[in-house]
Amino acid sequence: MSETPVPPPPGHPPPPPRASPADGLRFAFGTLTTLPVRVGRWDRAAARAGMAAAPLAGLVLALVAAALAWPLLRLGAGPLLVAVVSVAVPAALTRGLHLDGLADTADGLGSGRPPEGALAVMKRSDIGPFGVVTLVLVLLAQVAAVAQLYGQGWAVGATGTAVAAVTGRLALTLASRPSVPPARPEGLGAAVAGTVPAGLAWAVTGAVLAVAVLAGLPDGVLGAVRAPLAVAVGLAAAELLLRHTVRRFGGVTGDVFGALEETALTAALLVLTFG
């Protein structure tokens with residue numbers, strides 16, 4: 001015999017209803033891209049579904065970039081120019097959100113200040129020397145890797161950039177698990193921190209790894225191994241950065257999420273160029 005549900009105490013609102021897949025997609029695309037998507041719900045349930053769907057946002061951005069790369073290659077543009085466009089398109093479709101987070105996180109880590117001071121550095125609107133150097137090096141690495149991939153053909157370049165983009169957003173899903181606290185009580189970091197159950201985060205990771213194997217199959221056994229390896233290495237690099245930032249700042253912020261995305265994406269791209 002089932003127990004009668006106990007109503008919430010007076011003054012405590014009932015928990016929000018479960019978020020639908022549509023709510024999650026709107027949250028993911030509305031917060032992680034500039035695509036014309038209206039976020040219908042801004043609560044913990046929507047954040048859980050949205051961060052679980054974050055890899056899909058990365059996939060769509062990569063496909064848009066690949067769609068522009070195809071006519072450029074057909075018109076005779078070299079792999080280097082195509083790589084610049086492929087890196088610029090996702091940056092434009094996110095208004096540089098993740099790159100800005102990477103630069104701010106680099107400035108915070110490089111400041112050598114205690115958590116409160118480092119977080120204050122990260123909230124400034126300007127970019128310091130650590131941020132500038134980090135941005136330049138990361139963008140150079142991304143362009144060089146993407147150029148090498150597109151030098152092997154459009155399909156290789158499109159597949160590689162898609163695997164890397166999905167890996168970057170998957171790092172956000174894993175960073176939203178309950179064991180990762182927010183560094184501030186407000187902001188995007190606080191809104192999504194701890195929203196994705198660990199089981200769900202690892203289930204999404206398993207699905208991405210399986211798809212990466214399939215994506216690499218056209219290149220044979222080496223491709224079927226290299227693509228999931230790129231995902232694993234990208235996530236490992238992001239996890240190292242995540243643990244370091246949690247130790248330094250006391251938790252995650254929106255800027256840290258951006259840094260995690262760019263770190264995972266760049267590491268995955270570099271692995272895809274090997275062999």
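Is threonine 245 buried or exposed, and what is its relative accessible area? The structure is a predicted model, in which local features need pLDDT of at least 70, side-chain atom pairs count only at pLDDT 80 or more, and totals for chains, interfaces and linings use all residues. Residues are numbered from 1 along each chain as its sequence is written, and side-chain values use heavy atoms, with hydrogens and water left out.

View 1. Threonine 245 is buried, its relative accessible area being 0%; buried denotes under 20% relative accessible area, exposed over 50%, and partly exposed the range in between (1.4 Å probe, protein chains only). When residues up to four places away in sequence are not counted, threonine 245 touches Thr105, Leu109, Gly250, Gly251 and Val256, contact meaning heavy atoms within 4.5 Å.

**View 2. Leucine 97 in helix H5.** Helix H5 comprises residues 97-110 and includes leucine 97. Leucine 97 is partly exposed, with a relative accessible area of 38%. A distance of 8.4 Å separates the C-alpha atoms of leucine 97 and threonine 33, which are 64 residues apart along the chain.

**View 3. Crossing of helices H1 and H2.** The axes of H1 (residues 21-32) and H2 (residues 44-52) come within 7 Å and cross at roughly 70 degrees. Axes are lines fitted to C-alpha atoms, for helices over the stretch in contact, and angles run from 0 to 180 degrees between N-to-C directions. H1 and H2 are therefore roughly perpendicular; angles under 35 degrees count as roughly parallel, over 145 as roughly antiparallel, 65 to 115 as roughly perpendicular and the rest as oblique. Gly24, Phe27 and Ala28 of H1 meet Ala46, Ala47, Ala49, Gly50 and Met51 of H2. By class, this contact has 6 nonpolar, 2 polar and no charged residues; Ala, Val, Leu, Ile, Met, Phe, Trp, Tyr, Cys and Pro count as nonpolar, Asp, Glu, Lys and Arg as charged, and the others, Gly among them, as polar.

**View 4. Helix H8 and its contact with helix H7.** H8 (residues 154-175) has 22 residues, of which 18 are buried. The axes of H7 (residues 129-150) and H8 come within 7 Å and cross at roughly 140 degrees, which makes H7 oblique to H8. Val146, Leu149 and Tyr150 in H7 meet Trp154, Val156, Gly157, Ala158, Gly160 and Thr161 in H8.

Terms used: Helix = DSSP H or I, 4+ residues; strand = E, 2+ residues; numbered from the N terminus. Expected span 1.5 Å × (residues − 1).
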